[in-house]
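Subject: The structure, and what turned up in it

Hello,

I hope they are handy when you next have the viewer open.

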Amino acid sequence: NLEPNVFGDNVPQEVTCDQDGYGSYSPLQGWSSSKKYAFFAYYPIYIDIVDKNGNPYSSGTPAVKYSLNAADLKSNMVDVMVSEPHKGLNYNSVNGGNVQLTFSHPLSALGIKVTNSTSATITITSATLELSEIKYSDIIIPLDGTAVKTTAA
């Protein structure tokens, strides 16, 4: 669960990563030697953190909820990334207080690939991709890799 919540306000902490993938945040929080901690991470920060049933997260397995805005599909094209949670850690159970989070991409991306099959130079000035019959409007992605839960569009 979220206890102990070292940030006090139950708001996710935004982490900035360097070019080698090492993250940091400010101000740093101390670890109590008598408590155990849970760490989990997801991107982007504005998606909802919930439990496996879609309720606001308070304990158990964390999940992220991604909702599609069918009226503005372009703004929905985000790269959702999640990491498996690390639970029950104390300062002595990790390398110098550093927790390594490995991210995966649970959603798909769409792209357009064009191949020039002639020797002539071509210039593409615009392209249109139309999506229809979108199957789901919401997806709940548990961070432990178990089955997702979807809502029909």
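Predicted model: local features only at pLDDT ≥ 70, side-chain atom pairs only at ≥ 80, totals over all residues.

**Aromatic pairs**

There are four aromatic pairs in the structure. One of them is Trp 31 with Phe 39: the ring centres are 5.4 Å apart and the planes meet at 25 degrees, so this pair is stacked. Trp 31 is partly exposed, at 24% relative accessibility, and Phe 39 is likewise partly exposed, at 24%.

Phe 40 and Tyr 57 make another kind of arrangement: their ring centres lie 5.5 Å apart with the planes at 75 degrees, so the pair is edge-to-face. These two residues link distant parts of the chain, 17 residues apart. Phe 40 sits in the loop between strand S3 (37-39) and strand S4 (42-43), while Tyr 57 is in the loop between S5 and S6. Is Tyr 57 buried or exposed? Tyr 57 counts as buried, because its relative accessibility is 8% and the cut-off for buried is under 20%.

**The overall picture**

The chain has eleven strands and zero helices, so a strand-only pattern of β-β-β-β-β-β-β-β-β-β-β is what you read along the sequence. The C-alpha trace spans about 70 × 35 × 25 Å along its principal axes. The radius of gyration is 20 Å, whereas a compact globule of 153 residues would have one near 15 Å. Buried residues account for 18% of the 153 residues. If you look at contacts between residues at least 6 apart in sequence, 54% of them join residues at least 24 apart.

**The nonpolar core**

Which residues make up the largest nonpolar core? The nine are Tyr 42, Ile 47, Val 64, Tyr 66, Val 80, Val 82, Ile 139, Ile 141 and Leu 143. S6 and S10 each contribute at least two residues to this core. For background, nonpolar side chains in soluble globular proteins tend to be buried together.

Setting aside neighbours within four places in sequence, the contacts of Val 64 include Tyr 42, Ile 47, Val 82, Ile 139, Ile 141 and Leu 143. Asp 48, Ile 49, Val 50 and Ile 140 are also among the contacts of Val 64.

**Strand S10 and its partners**

S10 is mostly covered, with five of its seven residues buried. S6 and S10 run antiparallel and are joined by five bridges; Lys 65 has Ile 140 in S10 as its bridge partner. S10 also pairs with S11, again in the antiparallel sense, over four bridges. In that pairing, Tyr 136 stands opposite Ala 152 in S11. S10 and S11 form a hairpin with six residues between them. In the turn, Gly 145 has a positive phi of about 85 degrees.

**The salt bridge**

How many salt bridges does the structure hold? There is one: Asp 144 pairs with Lys 52, and their closest N and O atoms are 3.5 Å apart. The two partners come from distant parts of the chain, 92 residues apart. Asp 144 is in the loop between strand S10 (136-142) and strand S11 (149-152), and Lys 52 is in the loop between strand S5 (48-50) and strand S6 (63-67). Both ends are partly exposed: Asp 144 has a relative accessible area of 30% and Lys 52 has 35%.

**A three-stranded sheet**

Finally, there is an open sheet of three strands in the order S4-S7-S9, with antiparallel pairing. S4 and strand S9 (103-104) are the edge strands, each pairing on one side only. Strand S7 (residues 81-83) is joined to S9 by two bridges, and Ser 83 stands opposite Phe 103 in S9.

Happy to go through any of this with you on screen.

Best wishes

Conventions
Residues numbered from 1 in each chain as written. Heavy atoms only, no water. Salt bridge = Lys/Arg side-chain N within 4 Å of Asp/Glu carboxyl O. Buried < 20%, exposed > 50% of the residue type's maximum accessible area, 1.4 Å probe, protein only. Phe/Tyr/Trp six-rings, centres within 6.5 Å; stacked < 30°, edge-to-face > 60°. Core = buried A, V, L, I, M, F, W, Y, C linked by side-chain atoms within 4.5 Å. Contact = heavy atoms within 4.5 Å. Pairing = 2+ DSSP bridges. Rg over C-alpha atoms; globule rule 2.2 N^0.38 Å.
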